[in-house]
Amino acid sequence: MAYYRSVGDVPRTRHTQHRDAEGRLRFEELMGEEGFSSDSSLLHHRGVPSAIVASEVWALPDQARTPNHPLAPRHLRLHELETGPDAVTDRRLVLGNADVRISYVVTGTDPSAHYRDAVGDECVFVEAGSGVVETVFGVVPYRTGDYVVLPRATTHRWVPAEPSRLYCIEASGHVAPPRRYLSRYGQLLEHAPYCERDLHGPSEPLLVEGRDVEVLVKHRTSAGVVGTRLVHDTHPFDVVGWDGCLYPYTFNIEDFMPITGKVHQPPPVHQVFEGPRFVVCNFLPRKVDYHPLAVPVPYYHSNVDSDEVMFYVAGDYEARKGSGIGLGSVSLHPGGHAHGPQPAAIEASLGAERFEESAVMVDTFAPLELGEGGTACEDPAYAWSWAGRRR
Ligand SMILES: [Fe+2]
């Protein structure tokens, strides 16, 4: 996030004495990416951010993954999953690989555990619900259709105002707008489908008193992703001010301006974010192709280098009508298998002027494996839905 923001009380000159009204020194922390060589922010704490008094194992929910073998396209019905109520500890792993993990949770209305993901940025799509995310940078409100982007190691907790359906995309690195939409200095260009005005970060500090505050940390070991429960001496939400280019923010899909064409436009025009070895795209209500002989649904395609995951959020997804796909469905279309519309959907789409679909897509370069949550809600008939029969 290369856009400067300043919130709360920061000293006029960085790395200089910053005192409160009683003369006590604040504690300055640089939170930065890529070893002091990329985006960062300076946070000014009341307490010492390093001060911990306990470290214990936090047993993560089941992270085991099953390879997609024998190879098959998959259909997972997330609305059939029992999850929750904690937005952090009750996530169920749906799909994952070493670069990105997708999990799903339906929250209650109690605040989640305090948490930070030290494996990578989290990009949480809010399928439904509203509330706030409290973070060390301040409060970020969220609502249906938001992506909540939380930089790696941002201490936060979810405080739902209502039960919320969260589709959690956990990266092993950083999530950012696609590079081709950025100027050489990082501004979103005119041809980008959104701009800085659409990104919403914290606007004031969040200060909470407390001692012995537990924070769950997801982090890396040679054995994969693990969890640790750290107990902080003083409350981590003690930042009186911060400034810089690294902070959590939201972006709502209704602010994405779809790029359309005379004939069918390929998925990259729907891209919203990129991560290490994966991309996030969204297919949203839009006018469709205006060539008199246009075929509005996609052609069959074989993404030889990718696995493609669609999450069907709202409306009708025209191309897969008749396949069993519905709201709350996830499809996995793996590399090595061509996919596309239901055959009847091609004829049915001719002459269409609008699609009302909303779907979020994650394309990964490495193959995805099924998490226990994905296996638990799989529709076993999906692979045969194009042929209409199984041998
Ligand atoms: Fe596709």
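## Cysteines

A disulfide is counted when two cysteine sulfur atoms lie within 2.5 Å. The model is predicted, so local features need pLDDT of at least 70, side-chain atom pairs count only at pLDDT 80 or more, and totals for chains, interfaces and linings use all residues. Residues are numbered from 1 along each chain as its sequence is written, and side-chain values use heavy atoms, with hydrogens and water left out.

Searching the whole structure for disulfides gives zero. Cys123 has its closest cysteine sulfur in Cys168, at 9.9 Å, which is too far for a bond. Cys281 is in no disulfide either, and the nearest cysteine sulfur, in Cys123, is 12 Å away. Buried here means under 20% relative accessible area, exposed means over 50%, and partly exposed is in between (1.4 Å probe, protein chains only). Cys123 is buried at 0%, and Cys281 is buried at 2%.

Helices (H or I, at least four residues) and strands (E, at least two) are DSSP runs numbered from the N terminus. Both residues are buried, Glu308 at a relative accessible area of 6% and His339 at 4%.

## Ser302

Ser302 sits in the loop between strand 22 (286-287) and strand 23. This serine is partly exposed, with a relative accessible area of 41%. Ser302 and Ala338 are 36 residues apart in sequence, yet their C-alpha atoms are 4.2 Å apart.

## Nonpolar cores

A nonpolar core is a set of buried Ala, Val, Leu, Ile, Met, Phe, Trp, Tyr and Cys residues joined through side-chain atoms within 4.5 Å. The largest has 52 residues, and Leu78, Leu95, Tyr147, Tyr167, Phe273, Val280 and Val309 touch the most other members. Leaving aside residues up to four places away in sequence, Leu95 has contacts that include Leu76, Ile102, Val309, Leu332 and Leu370; contact means heavy atoms within 4.5 Å. A second, separate core of 16 residues includes Trp58, Leu60, Ala87 and Leu216.
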